[in-house]
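Biologist: Could you walk me through this one? I would like the overall picture before we go into the details.
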Amino acid sequence: MKLHLLIANLSIFLFMQTCIAQQKEIFSHPYHSSIKKGTVKQYLDEINAKNIVFIEYASNTLQLDNIIETDGAEISFGFFLRKILAGQRVKLVEKNNKIILSPSATVINTDRFVPSFTVFGFVRTTWSKEPMIDATIIDSDDKKITLTNTNGYFALALPEGDRRLQISYGGFSTKTIDLSLHADLRLDIEMSLLPVLRPVVVEAGEPLKKNAADKIANGKSIAAGYFLGENDPLKSISFLPGVLNLSENFSNIQVRGGGPDENLFLLDGTQVYNPTHFLGAFSIVNPTVIKNIQLYKSDFPAKFGGSLSSVIDVYTKEGNMEKWQGEIAAGILSGAVTLEGPVAKNKTAIMASFRHSWANPLWLSFQNNLKPDFYDVHAKLTQVLGVNDKLVFNFYRGQDNLNQTGTNTNNLHKWSNLLGALKWNHLFGAKSFISTSVDFNQYHNQGAFKYSVLDDNEEEVQTKSIGTFSSIEHYNAKLNGEFLVSGKTRINAGLYYNHTITRPFETRTTAQLDESEHGFSSFSPLAFDVFSGYAELEYKPFSRLVFRPGLHLSDYMFKGYKFFSLQPRFYSAFQFNKKNQLFFAYSKMTQYMHLVSNPYLGLNADLWVPSVASLTPEESESFTLGYELKKRKFILSLAGYYRLLKNVTNYVNGKSYFITDSTWQQNLEPGKGSAYGMETMFQWQPGKFLFKFSYTLSWSWRQFPDINQGRMFPYKYDRRHVTNLALAYNISPHFDISGSFTFASGEAVLLPGIVNPTGSAQQNNGEDDIAENYQFIYQYTDSNQYRSAPYYRENLSISYHSLSGKKMQTVLTAGVYNISGATDQYAYDLLGSVNSQGLVPRTIKNSNNLYPYISYILKF
C-alpha cells in the first residue's frame, strides 16, 4: 500500500513538472512585436493573430485601454507578456496551447512568465588568476544566490531582463556588475583585495547556508593558530567546538566522540592518512600554499565517503598566472620557501614549496630529548588548454623521523606521505561542469618502543626494542559533475573507483631502536576494491529555504567478502530573516578501514586492517540540529548532535598484540558506541578588537563483549567539558597582539591491569634472552577506569607587519607557547619481572615547559 502511494505521488509530481516544462517552453519562445506603443487589447490581438498561442479572456476581465510602450528589448514571449499584463487583476491557466485569463482578487505575478537564462563562469583573483572558492554571487533584485565551487566555477539561473549582480568574498572589494540578460551568458569575474586586510578568522558562512561546513580561511592567525612560530591555519580547527586536539603528541584530531581514524583528510582531493608533522604539532601543508579549508562534521555532502566523524577538505594554490612571487619563512623549528609564477603567461603556471626542520640552540635549550627531523615538498603545475578546459598536476612528499628519548620514554617515530594527482576540468556549456581525476597516495608508518625486564631488586636485567612497520597504498579514479537544472534546482553526481593495498602490521625485535624499514617479518599484503557513486539534489523552493537530499552508494570487495552500502544524506536550512537561520542534517557513513592503536608500543604504532566477515565495515548515523545568529559585529552559533556507531574495533581480551597473517582476524573484535553533546561558539569583533569563545559539552561511549564485563564504558577521548577562548587586538597598522586559552576536563583512561607473556615466555626459566619472549597479551578489567587531570594551555603572540602594497613585505612574530608549562600527555613504560614473567604498565606524566618563539616571513 505504501509503495502504491509512493508511485502515485511520484507520478503526480512528474506530471506537474511536465506541465511546468511545457509552460516554460511557451514563455521562452522568441517573440517580437511590430507595435511600439498601443493598448493592451492591440497587443493581445497581435499575439492571437500570429498563432504562437491563443489568449482567451473576457472584455471585462482586463483593463484593455491601458497604454503600453515597448522598446524592442522584449525578446521572449514571456518577457513581452509580463510587460503588457503588469498590474492586471487576473489569473492565468495554460491548457492545450491556450492561455486563459480569468478574474482574480490579486494582481497577477508576472515573474512566472519570464524565461530563465544562465549566467556562468569563473571567479578569479585579479593579480594571479587564482580560482576563488566559495565566492558569493547574488542577484540584487531576486536575491538568488550561489557560491563558486572548489574550481572557482559558478552557474546562476536568472529571469530574463536587466540584472544587477554583486560578487563578494572576505577581504576583497565587492564587485557590482549590471547586465541585460536575454540568453545564456558567460561571465568570468576578477576580484581585487581590499586596501587593508583584516585578520582572518573562522567564518560563519553565506546568508543561507548551503551546507553546515566550518570554513577556515588562510592569512593572519590568532595565537591559537601558532605552534612555536609555525603559523598553521589548520591548527585553528581545534578551536572549533566539537573538535579535540589537546595533546600535541597525537597524529590527528578527534571529532564528536570519534577516533582519529574516523577523520578524512583531503589534500586537493587526495586522501592523507597522517596529515601532521612533529607528532601532530602542525600540519603537513605549508601555510603559504593554502587557499581554502573546510571542516565537515555536521553535514556530509553525498560526494564524501570512507570516514565516520569528519572531513577536512584542504585546497592549495594553483600558481600565479600573471607574475612571479614567493615567500620565505623561518622559525625555531623549521624554514620554508615557496615560489610560484607563470611558465607561459595566462596559460601555464607552477607552484613549488619546500620546508625542512632544523634543531637550533633556542629549541634545544628548552627541549633536548626531542629533535625535529622532518621535511615536505609540494609542487603543482596548471595548464590552461582553452576557455573550457584545464589540467592540474599535483605532487607532495613529506617525512618525519623522530627519536624521543629521556627519563620516561625511549621511542622512535617515523612516517611519510607520498601523493600524486592529475585532474582535468571541463565546462560543458552553461549548465554543466565536469571534473575528472586520477590520484595515488602512499603512507608508511614505523615505530619502535624499548621495554625493560627487572630483577627482584628492580634492577634492569635486559632491554629490547619492539619495532613495527605498516604501509597503505591508494589508487583512485574520480568523476564529479555539477548540473544546473533550473533557478531552484541543481544536481551533483559522480562515480569513484578505489584500489587499496595495505600491509597492516609487521614486527621485529632488536637490541636497539632501528630506523631501517628493512628486515621486518613478512605479512602478505591485503588488497581490496571499492566502487562508489553518489547523487544529490539541491532544491531552493524560495530564497530562505534549501533542501539537499542525497545518496552515496559503495560496493566493497575483499577476497571473497563483499559489502554493499546505502548511505542516505539530508540537509536543510531555513532563514527566518537576514540574521537568524536554522539547519538540520542527517548522515549515514561507512568506513572500510579499521584502525586499532596500541597504547604502549609508541604513539604511532597504528594497525590498519580492511573489513572482513568477522570484522564488518564501521558505520555511523548522525543527527545535528543547529542555529545561527549573525549580526554585523557578532556571530552566535548553537548545535546539538547525536551519533550511533557500529563495528568500531579493539583487541580481543587475552589475545596477543603480535598478530600474524593467519591470526589478525581472531585477535580483533567489533563493538559499538554512541556520542552526543551540545556545542556553542560566539564571536564578537568591535572595530580593532576580536573576541572568540567556544564550548563543548559531550559524552562518548564504547561497548565490547570482552571488556568491562560487556558494559558500556567511556571512550578514551571522552572529555566532558572543552572550552576555548581567544583575544586579538590591532594595535596599529603595523602591530597586533593575540592570546588564547584552552581548558578541557580529564579524559577517560582504560588500562590493562597487567600485560602477561605467552606460554613460551613463562617457560623461559631464566634463559639468556628473557625479554625476547614477552608477547604482550592484554587482560582488561573494570577496575582501571579513571580520569586524567584536566588539561589547560595559554598562548600569547605579538606580530609586526610591514605596510601592504610594497614589492617586499615582512611579518615578524614573537610569542610564548604553553605559558604555564601544563602537562602535555601521559606516557607509559612497560616493566617486567624475571620471576613473575609479567609486564606491568607504569603511567608517567610528561610535562612541558613554556616555549618562547620567534618567526620571520618575507614576501616578495
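This is a predicted model: local features need pLDDT of at least 70, side-chain atom pairs count only at pLDDT 80 or more; totals for chains, interfaces and linings use all residues.

Biologist: Which strands form the open sheet with β5, and in what order?

Modeller: Three strands make up that open sheet, in the order β2-β5-β4, and the pairing is mixed. The edge strands are β2 (54–56) and β4 (90–95), each of which pairs on one side only. On average, neighbouring strands of this sheet are turned by 20° against each other, with direction ignored.

Biologist: Stepping back, how many helices and strands are there in the protein?

Modeller: The protein has five helices and 56 strands. Of its 860 residues, 56% count as buried. Among the contacts with a separation of 6 or more, 64% are accounted for by residues 24 or more positions apart.

Biologist: On to the helices, then. At what angle do α2 and α3 pack?

Modeller: Helix α2 (residues 40–49) and helix α3 (residues 77–84) pack at an angle of about 155°, and their axes are 10 Å apart. An angle over 145 degrees counts as roughly antiparallel, and α2 and α3 are therefore roughly antiparallel to each other. The crossing of α2 and α3 is left-handed.

Biologist: Which residues make the contact?

Modeller: On the α2 side the contact is made by Val-40, Tyr-43, Leu-44 and Ile-47, and on the α3 side by Phe-77, Phe-80, Leu-81 and Ile-84. By class, the residues of the contact of α2 with α3 divide into eight nonpolar, no polar and no charged. As for the spacing along a helix, an α-helix has 3.6 residues a turn, so residues three or four places apart point the same way.

Biologist: And α3 itself, is it mostly covered or mostly open?

Modeller: Helix α3 is mostly covered, with six of its eight residues buried. The buried residues in α3 are Phe-77, Gly-78, Phe-79, Phe-80, Leu-81 and Ile-84.

Biologist: Changing topic, what is the order of the open sheet of four strands?

Modeller: That open sheet has the order β8-β7-β10-β11, and its pairing is antiparallel. At the edges stand β8 (145–147) and β11 (175–181), each with a single partner strand, so one side of each is left without a neighbour in the sheet. Here, neighbouring strands are turned by 20° against each other on average, direction ignored.

Biologist: How many bridges join β10 to β11?

Modeller: Strand β10 (residues 161–168) and β11 run antiparallel and are joined by seven bridges, and the bridge partner of Arg-163 is Leu-179 in β11.

Biologist: One more region: how many bridges join β43 to β44?

Modeller: Strand β43 (residues 668–684) and strand β44 (residues 689–703) run antiparallel, with 13 bridges joining them, and Gly-673 stands opposite Arg-702 in β44. The hairpin of β43 and β44 has four residues between the strands, and in this hairpin Gly-687 takes a positive phi near 65°.

Biologist: What else does β44 pair with?

Modeller: Strand β44 pairs in the antiparallel sense with strand β46 (residues 721–730) over nine bridges, where Ser-694 stands opposite Asn-724 in β46. Two bridges also join β44 to strand β45 (residues 713–714), again running antiparallel, and there Trp-701 stands opposite Pro-714 in β45.

Key:
Residues are numbered from 1 along each chain as its sequence is written. Side-chain values use heavy atoms; hydrogens and water are left out. Two strands pair if DSSP finds at least two bridges between them. Axes are lines fitted to C-alpha atoms, for helices over the stretch in contact, and angles run from 0 to 180 degrees between N-to-C directions. Angles under 35 degrees count as roughly parallel, over 145 as roughly antiparallel, 65 to 115 as roughly perpendicular and the rest as oblique. A crossing is left-handed if the near helix is turned anticlockwise from the far one by less than a right angle, and right-handed if clockwise. Contact means heavy atoms within 4.5 Å. Ala, Val, Leu, Ile, Met, Phe, Trp, Tyr, Cys and Pro count as nonpolar, Asp, Glu, Lys and Arg as charged, and the others, Gly among them, as polar. Buried means under 20% relative accessible area, exposed over 50%, partly exposed in between (1.4 Å probe, protein chains only).
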